[in-house]
Amino acid sequence: MEKILYIKANFKEENDSYSLKLGRKFIEDYKVKNPNAHVKEIDLYQEDLAHLDHERIGIVFSPESNELTKYVEEFMEYDKYVIVAPMWNLSIPSILKTYIDHIVVAGKTFKYTEEGPVGLLENKKALHITARGGLYSEGPGADFEMGDRYLRTILGFMGIQDFNTFAFEQTGVFSPEQLNEMLEKKYKEAKKLTEEF
Ligand SMILES: Cc1cc2nc3c(=O)[nH]c(=O)nc-3n(C[C@H](O)[C@H](O)[C@H](O)COP(=O)(O)O)c2cc1C
């Protein structure tokens, strides 16, 4: 049975957020198409996540299972990841970075070798669903986009090479009516995407 971890890094109500609306549509379509898949949702704002500090880093990197190693242990168990996060300050919300600091753990999701670090998460795939106020997928804004690029790189570092992006852009540019029309088109794309995921 395929296992999908649906990770939400957005504090908004689903109805007020373009990324969460798109994420919901995608995952519901996915479930219809794959009724046997096991989907677990994790809302990072409801978790015991805080910046790593002197005490916490030892708990996260502990060889014994504990209340903070549960994040990496859970992550390792899944086959596919859907990460829903808005663009904040050209990047990802810091809560998602904090979560990543809890799951990039030597000996678990990557290892050091004489040739350098090697990812340990093989045969997995990820989809980043995001919304952005401006345009970053093309044109002059593209060089400023750091969030999707970071996620692709850090997941790749852990061995997850199959990474795709599904972005809803210019939410700060168009009117709510225009955005609703654009969203309807994106919903159709979301359905198609489930076929490849
Ligand atoms: C703290 C914060 C920082 C943001 N930074 C950017 C940014 O750097 N570039 C951008 O285009 N939009 C930025 N935005 C706008 C959001 O990306 C945009 O509103 C998007 O639709 C949010 O996703 P959501 O609708 O799923 O919540 C920012 C919004 C917030 C609240």
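The model is predicted, so to speak of local features a pLDDT of at least 70 is needed, side-chain atom pairs count only at pLDDT 80 or more, and totals for chains, interfaces and linings use all residues. Residues are numbered from 1 along each chain as its sequence is written, and side-chain values use heavy atoms, with hydrogens and water left out.

**Around the ligand**

- The ligand has 16 residues around it, and Lys12, Ser17, Ser19, Gly134 and Thr171 come nearest; a residue is near if one of its heavy atoms lies within 4 Å of the molecule.
- That shell holds seven nonpolar, seven polar and two charged residues, where Ala, Val, Leu, Ile, Met, Phe, Trp, Tyr, Cys and Pro count as nonpolar, Asp, Glu, Lys and Arg as charged, and the others, Gly among them, as polar.
- Leu90 takes part through its backbone, with an N or O atom 2.9 Å from an oxygen of the ligand.
- The protein buries 72% of the 630 Å² that the ligand exposes when taken alone (accessible areas by the Shrake-Rupley method with a 1.4 Å probe).

**The five-stranded sheet**

- Five strands form an open sheet in the order E2-E1-E3-E6-E7, with parallel pairing; strands are DSSP runs of E with at least two residues, numbered from the N terminus, and two of them pair if DSSP finds at least two bridges between them.
- Strands E2 (38-43) and E7 (162-168) are the edges, each pairing on one side only.
- From one strand to the next, the twist averages 15 degrees (axes are lines fitted to C-alpha atoms, and angles run from 0 to 180 degrees between N-to-C directions).
- E6 (residues 125-131) and E7 run parallel and are joined by seven bridges, with Lys125 partnered by Asp162 of E7.
- Helix H5 (residues 147-157) lies across E3 (80-84), E6 and E7, at about 165 degrees to E7; helices are DSSP runs of H or I with at least four residues.

**The hairpin**

- Strands E4 (residues 110-113) and E5 (residues 116-119) run antiparallel, joined by four bridges, and a hairpin connects E4 to E5 through two residues.
- Phe110 stands opposite Gly119 of E5, while Tyr112 has Pro117 as its bridge partner there.

Key: Polar contact = N/O pair within 3.5 Å; in protein donor to acceptor, adjacent residues only side chain to side chain. Contact = heavy atoms within 4.5 Å.
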